[in-house]
Amino acid sequence: MKQQLLEGVVYQIWPRSFKDGNGDGIGDLKGIIEKLDYLADLGITTIWLSPIYASPDTDYGYDIRDYYSIHPDFGTMADFDELIRQAKARHIAVVMDLVVSHTSDQHPWFLSAKADPNSPYRNYYFFRQGKAGGPPNNWISLFGGSAWTKAPQPDTYVLTLWTPTQVDLNWTNPAVRQDIYAMMRWWMDKGIAGFRMDAINLIDKHPDFPDKDPHKKGYQFADDLIRSRPLSYDYLAEMNREVLSKYSGLYIGEGILAKPDEVARYSGINENRLDLMFHFDQVFLGNGPLGKYDFRKFYHWTIPQYKETFFRWQLASQAQQFRLGNFLSNHDNGRPVSRFGDDQRYRRESAMALLTNTLTAYGTPFIYQGEEIGMTNFTIDQADWKDYEAINAFSVLQSMMHVPAFVARKIVQHVTRDLSRTPMQWDEGPYAGFSTVKPWMVINPNAPKVNVKVDQGHPQSIHAYVKALIALRQKHEALRSGSLTPILESHPHLLAYTRSTAEETLVILINLAKHPATFKYPEGEGSTLLLSNYPDRGPMMTKMVFAPYEVRILKLGQST
Ligand code: NOJ
Ligand code: CA
């Protein structure tokens with residue numbers, strides 16, 4: 001079972017914007033059930049649901065009020081059970097988001113802890129005394145501003161590394177860990193197939209909460225004081241013993257700013273912690289040193305940087321024997337075709353090129369809703385912004401970084417998470433087939449031409465290509481588990497590698513540039529073409545000129 005999950009293809013659903021099943025403008029569980037056939041047809045074997053638990057939604061579900069109930073916007077527990085049943089009938093596994101680095105400040109644990117310093121839940125969180133009239137230390141929140149939020153008691157603060165309403169859980173308290181493990185067992189017993197664990201490498205904080213770089217002015221990113229600290233490995237080993245190892249599930253960790261050596265311990269195949277980790281180096285290309293809203297590099301990236309990042313992780317994953325979840329798209333990042341491809345002239349070709357990379361890399365591939373039809377970024381009017389991160393960044397950029405409002409607005413529009421959270425485009429209808437009423441969030445104006453229905457009517461569509469690519473992956477073990485070796489490594493535009501088992505070698509050639517790429521690859525002569533995103537470009541020769549974003553997947557030798 002685990003092996004099947006590891007070798008499958010995961011599709012991430014951000015439920016609020018996937019499909020509205022009851023006509024209130026908000027995506028929901030009924031809507032997901034309606035689309036299971038669509039996902040099964042694409043070849044998806046696992047869906048990961050971003051949080052569907054009860055939540056006040058300051059961070060759209062990543063602030064959980066009750067781990068045991070379904071957000072009424074999404075439906076009921078009966079709907080959820082039905083989803084599991086219907087998914088199983090289609091051999092689709094359901095992975096839930098697990099957000100246990102923090103709870104909402106509306107969680108009963110926190111309500112009790114906050115009101116009463118003697119509450120048994122006080123030690124579920126980090127309450128600390130202030131320092132010199134301010135917060136206990138100089139740590140910055142990952143969304144900007146102090147990482148501490150005022151508690152009702154005098155000169156008392158509580159740690160909130162994300163929004164001020166997301167209160168960090170104190171994992172040093174064994175009662176916290178046991179409550180979390182019990183909750184995880186409860187969901188696994190319901191028949192889910194695993195968890196994607198939010199910010200899981202941040203669960204251990206430096207016990208003394210020292211200032212980070214005290215000589216520097218202003219709030220500082222605590223980095224090594226909160227990230228991949230020693231006990232985080234112990235806690236996950238314990239979680240594995242007490243929960244994960246009792247089921248044959250898929251356990252995926254979000255590795256915030258993680259480095260290969262850390263990931264090797266979290267998802268190393270012999271480490272008995274998690275199965276897969278995400279790293280963010282690929283999607284962070286072009287960001288400044290302080291992250292997404294740091295525009296000092298103007299989001300400029302190069303193909304050699306893309307290749308270097310990709311190969312560095314791929315080679316580390318094989319050499320150090322850990323597993324990666326490969327992705328270019330999720331609910332926290334803009335659309336890959338707009339960031340790394342050309343969403344105008346070569347939208348089709350470049351979306352296919354990028355998806356080829358994700359689906360042929362070593363590890364488990366993740367597709368995010370809409371990626372399979374090449375959904376794009378667009379300029380979202382400020383009045384339509386929904387995301388806390390964006391709204392907060394707009395003011396932090398002005399107040400702390402002295403950026404004029406019109407520039408701050410442009411930066412936010414360029415990188416906001418809202419770009420990936422607009423409703424899924426199902427057809428050319430009035431609300432893109434997402435809902436029968438005006439949706440909770442603005443729809444991309446290109447929906448009449450970029451949508452599932454249009455793609456399903458064209459054999460040469462992105463959707464058709466993804467389907468063929470997934471089928472190819474299922475057919476060739478080399479694509480699922482074969483070793484990956486870079487080729488033509490110093491080529492400035494071509495991303496190329498082989499995937500091999502003892503039986504076969506497949507070659508993946510991807511032109512990542514919007515202009516032709518010339519190269520020599522004599523080994524390709526006489527190979528069999530398995531898949532391409534261009535029709536009829538002639539056979540492989542020693543010297544080749546690939547068209548913009550051209551992809552070919554070859555099998556060396558004759559027969560398929
Ligand atoms: C990472 C999640 O992917 C993001 O959406 C969320 O805001 C933070 N963790 C906090 O939960
Ligand atoms: Ca709904």
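A cavity here is a set of grid points where a 1.4 Å probe fits but cannot get out, and its lining residues have an atom within 4 Å of a point. Keep in mind that this is a predicted model.

**Exercise 1.** Find out which residues line the second largest cavity, and what kinds they are.

*Solution.* Start with the volume, which is about 70 Å³ for the second largest cavity. Next, list the lining: W14, P15, R16, S50, P51, D57, Y60, G61, H71 and F74. Finally, sort these residues into classes, and you get 5 nonpolar, 3 polar and 2 charged.

**Exercise 2.** Describe the largest cavity by its volume and by the residues closest to its centre.

*Solution.* First, search the whole structure: 4 cavities of 30 Å³ or more turn up. The largest of them holds about 150 Å³ of space. Then look at its lining of 13 residues, where H279, Q282, F310, N326 and F327 sit closest to the centre. Now go up to the elements: helix 9 (303-319), strand 14 (325-326) and helix 11 (347-360) each give two or more residues to this lining. Helix 9 supplies the largest share, with 4 residues. By class, the lining of the largest cavity has 6 nonpolar and 7 polar residues, and no charged ones.

Definitions and conventions. Residues are numbered from 1 along each chain as its sequence is written. Chains are lettered from A and ligands numbered from 1 in the order in which they are written. This is a predicted model: local features need pLDDT of at least 70, side-chain atom pairs count only at pLDDT 80 or more; totals for chains, interfaces and linings use all residues. Side-chain values use heavy atoms; hydrogens and water are left out. On a 1 Å grid over the protein atoms alone, a cavity is a set of points where a 1.4 Å probe fits but cannot get out, and a pocket is an open set with protein on both sides within 12 Å along at least five of seven lines; lining residues have an atom within 4 Å of a point. Grid points are joined across faces, edges and corners, and a volume is the space filled by probe spheres set on the points. Ala, Val, Leu, Ile, Met, Phe, Trp, Tyr, Cys and Pro count as nonpolar, Asp, Glu, Lys and Arg as charged, and the others, Gly among them, as polar.
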